[in-house]
Amino acid sequence: MKRMWILGLTFALLAFSSVRAEDDVDIDGTVEEDLGKSRDGSRTDDEVVQREEEAIQLDGLNAAQIKEIREKSEKHVFQAEVNRMMKLIINSLYKNKEIFLRELISNASDALDKIRLLSLTNEDALAGNEELTVKIKSDKEKNMLHITDTGVGMTKEDLVKNLGTIAKSGTSEFLNQMTEMQTEGQSTSELIGQFGVGFYSAFLVADKVIVTSKHSSGTQHIWESDSNEFSVIEDPRGDTLGRGTTITLVMKEEASDFLELDTIKNLVTKYSQFINFPIYVWSSKTETVEEPIDEDEAEADAEKTDEDAAEEEAEVEEEEEDNAKPKTKKVEKTVWDWELMNNIKPIWTRPAKEVEEDEYKAFYKTFSKDSEEPISYIHFTAEGEVTFKSILFIPAAAPRGLFDEYGSKKSDFIKLFVRRVFITDDFHDMMPKYLNFVKGVVDSDDLPLNVSRENLQQHKLLKVIRKKLVRKTLDMIKKIAEEHYNEKFWKEFGTNIKLGVIEDHSNRTRLAKLLRFQTSNSETGLASLEQYVERMKEKQDKIYFMAGTSRKEAESSPFVEKLLKKGYEVIYLTEPVDEYCIQALPEFDGKRFQNVAKDGVKFDESDKAKESREALEKEFEPLTTWMKDKALIDKIEKAVLSQRLTKSPCALVASQYGWSGNMERLMKAQAYQTGKDISTNYYASQKKTLEVNPKHPLIKEMLKRVNSDAEDQTASDLAVVLFETATLRSGYQLADTKAYGDRIERMLRLSMKVDLDEQVEEEPEEAPEEQAEEEEEEEVVADEVGEEVEEEDASIKVEL
């Protein structure tokens, strides 16, 4: 009996162990790690099915099919280099995860391009599905994102070959460049796609990637990977796609933002709005729809209608007709549908002659988010060393802060596309700094897709593109009508052209033709250098210009007196950058520039005029020598008779390579000027030439005084005052303004016959505050006593 009891207990234990073993069967060891939802004590059949469905979560698969997939799927391990590469992608490229969607859409676009090309030679290529689209659907409840295309699709062999392996050379190059860029501290996030690893960017945001694909010549298969290994199996659902590929991403917890509709739409608009094929996003919108009224409401309405019909027999027939129609009411409902995201067509891919002007303007407003129409645009295709298509626009107004951080601020107005896929607008050198206002798109098939920004800056093809963009931009500016050019373009972007003359040596001649300045020929209009040259006098060999803070200052300068009197046209430089610009431009159309405030201004003269000038020089030689060696010693380089003055007594002239008064003012006003710069101090301390006007009465009187008495103090004082006055009128600053003021005061005293030694009348000293307060108090007391006495006297008189 005891033995029978022991045997029974043993069988019971064995049965219990068997049940526990069956419960512990795990189809895939990774399922529970992915789920984490089931309680350890709950192991019902329903829950097992639910966990298996959640593990794959593909529509149309039942539990039995899921088990079959897991049991029969072929397991593969990634190549060692591919595995290493994906670890780098997942662990290192974290700064710009959003590029995963761009890469997957680009791959989908390539697949659609392939099937479209196949359909040109094979009519049956589109038999499975004639639609050529990309559709994106977010499933926040299941934490999944689906990207579906109706492209060429992949067979089982394609899935293993294309998604499981990569050409070894490409992978090695990718790894080498990534390691090198990480060592240099550069961004590596944009390397994805350059070596055919764009698909693996999905693992930046996904824990698991499932690819369902159907090729026209094969059956539908499912490829699944968690980045460690992948499996491939025939889809038990059969042909659900017709043709194409669906990529399903099981999103990471930290990537949940990429399931938001707004985020998806923004990314599609940013990167893929110009893809050739329509891209749809499954999105919702609120609509007002009509719904049938409930039976209770309908009966109530019918009763009311019957009562009204009994009272008003004339309207019975109308009411009966209304009752025959179904009763409805308006209700707001959330409707889900496919929303087209890329309705803006890439018009640059079309021939320019086929695009209307209104299309360009509409494209510009949409592309640039600008409400105004552009001043001008150019649409061209460049061929040769590199082929690309481009449309460039000049905006109607300069962007705000155009010169803030000039040169260091990145320009994002030129957007680079490769095969209509947006790559980047983060450039330092796509356009030169002075053209940082130009907006446009560049689309090249020759650049590698999504080359890194850092490498792109140095890419040889990009340098060719830049060169052609600049030439085309200058051609576009040149073709702007003269009235629009002066009123609109030059007003907004004139400073940019002047900076271009300074910075762009290779295009300096082209830019010089675009310059506009005020001249003495017109009070209000602007003139080009070509127009100036056309109006030059017959024997004039130089282009004359005068720089100042304003037109009034420039045209009233003593340096332009003789030029204007003789009818020469003078260019007025009134902006700070103008003189720098002209200095960078040595000549124009064979004519050299002459700053009229510097040495070198000479006029064509006859033999008689030359003899007369030489006679005057000899006559005034004692004065000029006296000024240089005695009165103004250490102040001037020399004193000479002037050919440029008519009304002013004298002027201070810089050497040909020295600073004019305007340039000295600009250099000393520099924000970082410390006064310790050697070159600045050298130019600032250079002595100038004093030119005197031999026809001026003051100069004639000085000559008489010097000839009669070289020690005449009045003549010396007059010479110093004339020098200092000429310094100011020539645009320079005085070294000692107090001494200049004292000399002017002395001359005023002499002219008004005021004694030179008479002092300023001193004001009487004020009493200290305490003493003043005491005196005030004493005065108040005295006033009060006086009032009391007067009152007493008055009362005595009354009594008497």
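Biologist: Leaving aside neighbours within four places in sequence, which residues is Gln594 in contact with?
Modeller: This is a predicted model, to be clear. In it, Gln594 touches Lys542, Ile543, Tyr544 and Phe545, then Asp599, Gly600 and Val601, and also Gln656. Neighbours within four places in sequence are left out of that list.

Biologist: Where is Gln594 found?
Modeller: In strand β20, which covers residues 591-595.

Biologist: Is Gln594 buried or exposed?
Modeller: Buried. Its relative accessibility is 1%, and the cut-off for buried is under 20%.

Biologist: What lies 3.1 Å from a polar atom of the Gln594 side chain?
Modeller: The backbone oxygen of Asp599. Asp599 is also among the contacts of Gln594.

Biologist: Switching to the surface. Which residues make the nonpolar patch of about 290 Å²?
Modeller: Leu748, Met752 and Val754.

Biologist: Where is Leu748 found?
Modeller: In helix α27, residues 737-751.

Biologist: Why does Leu748 count as partly exposed?
Modeller: Because its relative accessibility is 46%. Partly exposed sits between the buried limit of 20% and the exposed limit of 50%.

Biologist: Now the whole protein. How many helices and strands?
Modeller: There are 28 helices and 23 strands.

Biologist: How many residues are there, and what share counts as buried?
Modeller: The protein has 800 residues, and 42% of them count as buried.

Biologist: What about the accessible surface?
Modeller: About 45,600 Å². Carbon and sulfur atoms account for 47% of that.

Biologist: And contacts between residues at least 6 apart in sequence: what share joins residues at least 24 apart?
Modeller: That share is 72%.

Technical notes. Residues numbered from 1 in each chain as written. Predicted model: local features only at pLDDT ≥ 70, side-chain atom pairs only at ≥ 80, totals over all residues. Heavy atoms only, no water. Patch = residues over 30% accessible without salt bridge, like charges linked within 9 Å, V, L, I, M, F, W, Y side chains within 5 Å. Areas by Shrake-Rupley, 256 points an atom, 1.4 Å probe, with all protein chains shown as cover. Salt bridge = Lys/Arg side-chain N within 4 Å of Asp/Glu carboxyl O. Helix = DSSP H or I, 4+ residues; strand = E, 2+ residues; numbered from the N terminus. Buried < 20%, exposed > 50% of the residue type's maximum accessible area, 1.4 Å probe, protein only. Polar contact = N/O pair within 3.5 Å; in protein donor to acceptor, adjacent residues only side chain to side chain. Contact = heavy atoms within 4.5 Å.
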